[in-house]
Amino acid sequence: MKLNIPEKYADLYLKALSERKRMLQAKIAEFQREIDDIENHMSALTSIPIFQDNLPTSKSKYQANSYQEEWPWSRKITYYQELNKQIMTSAEVVDFILNKEPSLDKNKVRSSISAALSNKHRSGDYIKFVDPVTNTAYYGPPEWFINKEQPHLTYVPNDLKKRLIGK
């Protein structure tokens, strides 16, 4: 189909299309800035102290051998790890913390521990092992693993050993 559009209208139509294209490109640029801001906020949130162990601590404020409510989540995870000496699930850590601090909201603890474990896994501080029978994720430091897929039996909880090797 061929249209005969007078030249003065064709110019107006082209100008309108060009203007619409510029507006859409401006919106795309605005959305990209928003996406960049969100990514910056997410990056900042995962690097805040609640996810980090290496905070300066005063020896008089924290006793090395006892659990402290003031610790960041990742320090509480490390304390549980040092106490238990086995690869752990997020649910075990959550239950341990709730046992120590019953006034905390379980959903908040669960999401915070999950985020902290994920951050430790991403940073290489922990290796994640998934139980092939129950699909449960276990976490532990790299030195507790033979390779990235297999934990040393020394650090495997008895119930997991029974499921995996029947011992």
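Student: Leaving aside neighbours within four places in sequence, which residues is P157 in contact with?

Tutor: This is a predicted model. In it, P157 touches Q86, I87 and Y138, once neighbours within four places in sequence are set aside.

Student: Where is P157 found?

Tutor: P157 is in the loop between β4 (150-151) and α5 (158-165).

Student: Buried or exposed?

Tutor: P157 is buried, as its relative accessible area is 4% and the cut-off for buried is under 20%.

Student: How far apart are P157 and K85?

Tutor: In sequence, 72 residues; in space, 9.3 Å from C-alpha to C-alpha.

Student: Back up a bit. What elements does the chain have, and in what order?

Tutor: The protein chain has five helices and four strands. From the N terminus on, the order is α-α-α-α-β-β-β-β-α.

Student: What share of the residues is buried?

Tutor: Buried residues make up 27% of the 167 residues in the protein chain.

Student: And what share of the contacts is between residues 24 or more positions apart?

Tutor: Taking contacts with a separation of 6 or more, 42% are between residues 24 or more positions apart.

Student: On to the helices. At what angle do α2 and α3 pack?

Tutor: Helix α2 (residues 73-84) and helix α3 (residues 90-100) pack at about 100 degrees, and their axes are 10 Å apart. The two are therefore roughly perpendicular to each other, because angles of 65 to 115 degrees fall in that class.

Student: Which residues meet there?

Tutor: From α2, the residues are W73, K76, I77, Y79, Y80 and L83; from α3 they are E92, V93, F96 and I97. By type, the contact of α2 with α3 has eight nonpolar residues, two charged and no polar.

Student: Which residues of α3 are buried, and what do they pack against?

Tutor: V93, V94, F96, I97 and L98 are buried in α3. The buried residues of α3 pack against both α2 and α4.

Student: What about α2 with α4, at what angle do they pack?

Tutor: About 80 degrees, with the axes of α2 and helix α4 (residues 106-123) 9 Å apart. That makes α2 and α4 roughly perpendicular to each other as well.

Student: Which residues make that contact?

Tutor: W73, S74, I77 and T78 of α2 meet K108, V109, S112, I113, A116, L117 and K120 of α4. The contact of α2 with α4 divides into six nonpolar residues, three polar and two charged.

Student: Why would residues three or four places apart point the same way?

Tutor: An α-helix has 3.6 residues a turn, so residues with that spacing point the same way.

Student: Switching to rings. How many aromatic pairs does the structure hold?

Tutor: Seven aromatic pairs. One of them is Y80 with F96, whose ring centres are 5.0 Å apart and whose planes are at 50 degrees, so the pair is tilted. Y80 lies in helix α2 and F96 in helix α3, so this pair ties together parts 16 residues apart in sequence.

Student: Are those two buried or exposed?

Tutor: Y80 is buried, with a relative accessible area of 11%. F96 is buried too, with a relative accessible area of 13%.

Student: And how are W144 and Y155 arranged?

Tutor: W144 and Y155 are stacked, with 4.5 Å centre to centre and 5 degrees between the planes. W144 lies in the loop between β2 and β3 (145-147) and Y155 in the loop between β4 and α5, so the pair ties together parts 11 residues apart in sequence. W144 counts as buried at 7% relative accessibility, whereas Y155 is partly exposed at 22%.

Student: Which residues form the aromatic cluster?

Tutor: Y67, W71, Y79, Y80 and F96 form one aromatic cluster.

Student: Last one, D131. Where is D131 found, and is it buried or exposed?

Tutor: D131 is in the loop between β1 (127-130) and β2 (137-140). With 0% relative accessibility, D131 counts as buried.

Student: What does its side chain make polar contacts with?

Tutor: The side chain of D131 makes a polar contact with the side chain of R163 at 2.7 Å. A polar atom of the D131 side chain also lies 2.8 Å from the backbone nitrogen of V133.

Student: And which residues is D131 in contact with, neighbours within four places aside?

Tutor: T136, Y138, L160, R163 and L164. Y138 is also in contact with P157, where we began.

Conventions
Residues are numbered from 1 along each chain as its sequence is written. This is a predicted model: local features need pLDDT of at least 70, side-chain atom pairs count only at pLDDT 80 or more; totals for chains, interfaces and linings use all residues. Side-chain values use heavy atoms; hydrogens and water are left out. Axes are lines fitted to C-alpha atoms, for helices over the stretch in contact, and angles run from 0 to 180 degrees between N-to-C directions. Angles under 35 degrees count as roughly parallel, over 145 as roughly antiparallel, 65 to 115 as roughly perpendicular and the rest as oblique. Contact means heavy atoms within 4.5 Å. Ala, Val, Leu, Ile, Met, Phe, Trp, Tyr, Cys and Pro count as nonpolar, Asp, Glu, Lys and Arg as charged, and the others, Gly among them, as polar. Buried means under 20% relative accessible area, exposed over 50%, partly exposed in between (1.4 Å probe, protein chains only). A polar contact is a pair of N or O atoms within 3.5 Å; within protein, one must be able to donate a hydrogen and the other to accept it, and residues adjacent in sequence count only if both atoms are side-chain atoms. Rings of Phe, Tyr and Trp (its six-membered ring) pair if their centres lie within 6.5 Å; planes under 30 degrees apart count as stacked, over 60 as edge-to-face and the rest as tilted.
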